[in-house]
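Dear colleague,

Please find below the sequence and the structure that I am handing over to you. My notes on what was found follow directly after them.

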Amino acid sequence: MSKKTVAMHNLGCKVNAYEMEHIADSLQESGYKIVPFEDKADFYIVNTCSVTNIADRKSRQMLHRAKKENPDAVVIAAGCYVNTRGEDNVLADGIDIVVPNEEKKNMVDIIRSWERSHQNEDLPFEADPYPDEAPVSAYERDHAPAEGGYTRSFLKVQDGCNMFCSYCIIPYARGRIKSRTIADVTEEVRSLISKGYHEFVVTGIHLSSFGKDRPDDHEDLMDLLRAIDAIPGADRIRMGSLEPRIITDEFAASLAEIPSICPQFHLSLQSGCDSVLKRMNRHYTAQEFLDGVERLRKVFKDPAITTDVIVGFPGETPEEFEETHNFLKNISFYETHIFPYSRRKGTPADRMSGQLSRAEKHDRLVILSDLNVKNKTAFQNIWTDGRTVEVLIEDNNEGYTREYVRVRSVAALPSGTIVRGRITGRIDADTMEFTPE
Ligand code: SF4
């Protein structure tokens, strides 16, 4: 009997991406075949996002697209959109199965239960389709090898957020902070290394809160990073988004002492203007943010600093926007992800007066996007000065330096190797030319 097929589509943040990888692995281990979303599948899973109204819309669009691809298929909505819109409402929209965030880890069992209740005769497996010990328990900790031998893996170490930024629905959708233990994470890292992974991207919804929900265990983010670094074969560690205020002198110095830490840091700015930051309920000032960046630049040589900015937040005046624009010019990020403010029902910002028009937000987005292109090019170009860089080759002779500059080698190199050499030119806007030593 042929395997049942599952097509998956992921929306939103790195945590979602991480969870999706694990769901795919669990399904494959349980005998399902993963197929492209464009194919006709038996099951479609959309791992939804609800961070903005646009994200809600995209989630709905993908769910409906799945129904169109195969009207006989079972369509599963998973994640934040289910939590924020409500399970009953999503089901009322014609979706077959809804899986809120806290249930994603049970995806295999959920699909099997559905099959049991809808099929009396043909089971989709050749032998022992429902073993007592379902490998779905692997979802939280263990990560099966991806076909093709990936070199970089996300590590989700924390979920939830207690910050309540005024525009964000996440604390309502994902709940309060919850961290894994260091022992649990390091066990996963060892398993990943044995399967060929070299680089680990430590992620969470609010990574800087790692360990704060378990104060008695005395485990914080730095302890976690040191523990991962100590594992033989954990060649590189990257970090997901950090709260600017966590970057004290001591924190920056400690980071610099961890050999596998890649000098690439994402600090979410959102606005470079204090009055807007206050309305956003962000818990830092522009100066505090700048202090964090300078501390990193003091201890790492040319670190890649990336950020997110929201343009057109309610009440953002032209002067306030200009303050953010100037702040971005002065700080020169490697990459700035720019988002036009999108109203999110149920958040304080949605109820604020002074909502800007789409055209105003678009104009501001264009201005910052131009600056982003210039800054990115300038950062890439500094690496053509002849200095040695180290590249982890991922696929097709392409890979990333420790500073996350994308390169393609002039010579053939096997994936999974770490190679030293120089950046000798530019291939396109995203990729530089790499000549191995
Ligand atoms: S820090 Fe703010 S933007 Fe980020 S998840 Fe928490 S509430 Fe949302």
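A search of the whole structure, which is a predicted model, finds 12 aromatic pairs. Rings of Phe, Tyr and Trp (for Trp, its six-membered ring) pair if their centres lie within 6.5 Å; planes under 30 degrees apart count as stacked, over 60 as edge-to-face and the rest as tilted. One of the pairs joins Phe 37 and Tyr 44: the ring centres are 5.4 Å apart and the planes stand at 80°, so this pair is edge-to-face. Phe 37 counts as buried because its relative accessibility is 5%, and Tyr 44 counts as buried because its value is 0%. Here, buried means under 20% relative accessible area, exposed over 50%, and partly exposed in between, with a 1.4 Å probe and protein chains only.

The rings of Phe 379 and Trp 383 also form an edge-to-face pair, since their centres are 6.0 Å apart and their planes are at 65°. Phe 379 is buried at 10% relative accessibility, and Trp 383 is buried at 3%. Arg 387 lies over the face of Trp 383, at 4.2 Å from the ring centre; a charge sits over a ring if NZ of Lys or CZ of Arg is within 6 Å of the ring centre and within 35 degrees of the ring normal. Elsewhere, ring pairs link Tyr 284, Phe 289, Phe 327 and Phe 333 into a cluster.

Two conventions apply throughout. Residues are numbered from 1 along each chain as its sequence is written, and side-chain values use heavy atoms, with hydrogens and water left out. As the model is predicted, local features need pLDDT of at least 70 and side-chain atom pairs count only at pLDDT 80 or more, whereas totals for chains, interfaces and linings use all residues.

Phe 379 is also one of the buried residues of helix H13, which covers residues 358-381. Helices (H or I, at least four residues) and strands (E, at least two) are DSSP runs, numbered from the N terminus. H13 has 24 residues and reaches 34 Å from its first C-alpha to its last, close to the 34 Å expected; the expected span is 1.5 Å times one less than the number of residues. Its buried residues include Leu 365, Leu 368 and Leu 371, and the buried residues of H13 pack against helix H12 and strands S11, S12, S16 and S17.

Ser 353 is found in the loop between S12 and H13 and counts as exposed, because its relative accessibility is 65%. Leaving aside neighbours within four places in sequence, Ser 353 is in contact (heavy atoms within 4.5 Å) with Pro 314 and Gly 315. The C-alpha atoms of Ser 353 and Pro 314 are separated by 6.5 Å, although the two residues are 39 residues apart along the chain.

Helix H1, residues 14-29, is mostly covered: 12 of its 16 residues are buried. Among them are Val 15, Tyr 18, Met 20 and Leu 27. Just after H1, Gly 31 takes a positive phi of about 100°.

Two residues other than glycine also have a positive phi. His 218, with phi near 50°, lies in the loop between strand S8 and helix H8 and counts as exposed at 67% relative accessibility. Tyr 404, with phi near 65°, is in the loop between strands S14 and S15 and counts as partly exposed at 21%.

Yours sincerely
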